[in-house]
Amino acid sequence: MRKNANVITSKQLIFIIVSSTVGVGILTLADSAGEVAQQDAWISVAMGALLPLVGLVAIVLNCSKFPGLTLAEYSERILGKWLGKLISLVFVFYTIVTAAIITSTFVHMLKIYLFPATPRWALVVLILSVITYWGSKDARVLGRVNELMFYEAIIVFLSLVLAFPNIDLTFYQPIGHAGISNILIAASKTIFAYTGMELLLVFYHMVQNKKETVKAGLTAITIVLFIYLGITITALGVFGPFVIGKVRFSLMVLLKTYTAPLIERTEFFFVIFYVFVAFRPIGNYYFASRYTAEKMLGLNAPGLITIVIFPIALAVASYPDSFEQTVAISSQIGIVGLVFLIIVPLLLWFISLIRGIDGEKDQT
């Protein structure tokens, strides 16, 4: 492997975090939150951004004590060999399953809008084959691809501007009518949409200038919040509080409400560019699973580990029979993501503090 192959800039970290967070969540976030919070769905979406913010603090607090070590390495140093490997193993399976579930959701959307007659397994194999190749590359390649796809995906979100003339401002009133309990319940449904920051556990030690990590994380959270709020507010303003929670893929339905110049079917145009959005989180989670598995096993065999992961991801992605089942699994996965986002880093930090373990001192 080339020298500095797994070194990324803070700018690339921003694109990786944004790409890992903004995936299939943009398709279902508005209707999931609106189902419970109705006209206050945008408040729930905004509250959901507190999760990655708290996670950023927790991960930086822990990882800053071990700036040159990976998750697999410092978890073993803190918890011991076998318990540390168990944490790494669970994280590996979590990232594999997350990549697979995102793939499954993406395939369901493709079957509805583009390939209704194509077998689902064929689409899953095609997507994961491309991801397998990408996931076998180093972090520097991953960072560059995420940056490139970010700019291409901007076209997807600019299409929302065309829906602004159809917005009815009365659909946002009265603010707070859903009640604090429903707003909080709706906010809890955004957990899966906001997962992605936990991958900082993998990428932190790769950042060239670690002093810029917090700034990069905050920038990424701001971008994600801006995108999610834009989609939710637009969908809510067009459909209204009583309809938004009853549609599947509200963003796709929103695109059917208008036509763009030279584009008769806006949703098909969206799907083409949405490929750039969906591929990024799948590739990032796949890379995280492969890289962590390598460090856990003490190997330097990205190609081999990537191939071993492939059938596992394929089996998980092929398992859900319906979109509803995929959503149910993603909700459960979101809870595991929350554990790695906040609980695991805080627990490791606390134990290292009690035991007096400091990576920086050990390395000097």
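This note comments on the pockets, cavities, surface and local geometry of a predicted model.

1. Basis of the values. The model is predicted, so local features need pLDDT of at least 70 and side-chain atom pairs count only at pLDDT 80 or more, while totals for chains, interfaces and linings use all residues. Residues are numbered from 1 along each chain as its sequence is written, and side-chain values use heavy atoms, with hydrogens and water left out.

2. Largest pocket. A pocket is an open set of points on a 1 Å grid over the protein atoms alone, with protein on both sides within 12 Å along at least five of seven lines; lining residues have an atom within 4 Å of a point. Grid points are joined across faces, edges and corners, and a volume is the space filled by probe spheres set on the points. On these terms the volume of the largest pocket is about 560 Å³. Its lining comprises 25 residues, with T28, S32, K189, V327 and S331 nearest the centre. Two or more lining residues come from each of helix 2 (25-37), helix 10 (191-194) and helix 16 (323-355); helices here are DSSP runs (H or I, at least four residues), numbered from the N terminus. Helix 16 contributes the most, with seven residues.

3. By class, the largest pocket is lined by nine nonpolar, 10 polar and six charged residues. In this scheme Ala, Val, Leu, Ile, Met, Phe, Trp, Tyr, Cys and Pro count as nonpolar, Asp, Glu, Lys and Arg as charged, and the others, Gly among them, as polar.

4. Salt bridge at K189. Side chains of opposite charge can pair when their charged atoms come close. The structure holds five salt bridges (a side-chain nitrogen of Lys or Arg within 4 Å of a carboxyl oxygen of Asp or Glu). One of them joins E35 and K189, at 3.5 Å from N to O. This pair links distant parts of the chain, 154 residues apart: E35 belongs to helix 2, and K189 to the loop between helix 9 (180-188) and helix 10. K189 is also among the residues nearest the centre of the largest pocket.

5. Second largest pocket. This pocket holds about 340 Å³ of space. Of its 15 lining residues, F157, L160, F226, I227 and G230 lie nearest the centre. Helix 8 (139-158) and helix 12 (213-239) each supply at least two lining residues, and helix 12 has the largest share, seven residues. The lining has 13 nonpolar and two polar residues, with no charged residues.

6. Helix 12. Over its 27 residues, helix 12 reaches 39 Å from first to last C-alpha, close to the 39 Å expected at 1.5 Å a residue; the expected span is 1.5 Å times one less than the number of residues. After helix 12 comes G240, with a positive phi near 90°.

7. Largest cavity. A cavity is a set of grid points where a 1.4 Å probe fits but cannot get out. Three cavities of 30 Å³ or more are found in the whole structure, and the largest holds about 70 Å³. Its lining has 12 residues, of which S20, T21, I102, F192 and T195 are nearest the centre. Helix 1 (10-21), helix 6 and helix 10 each give two or more of these residues. The lining divides into six nonpolar and six polar residues, with no charged residues.

8. Backbone points to inspect. The peptide bond between Q173 and P174 is cis, with omega about -10°; P174 is placed in the loop between helix 8 and helix 9. Q38 is not a glycine, yet has a positive phi of about 50°. Q38 sits in the loop between helix 2 and helix 3 (41-48).
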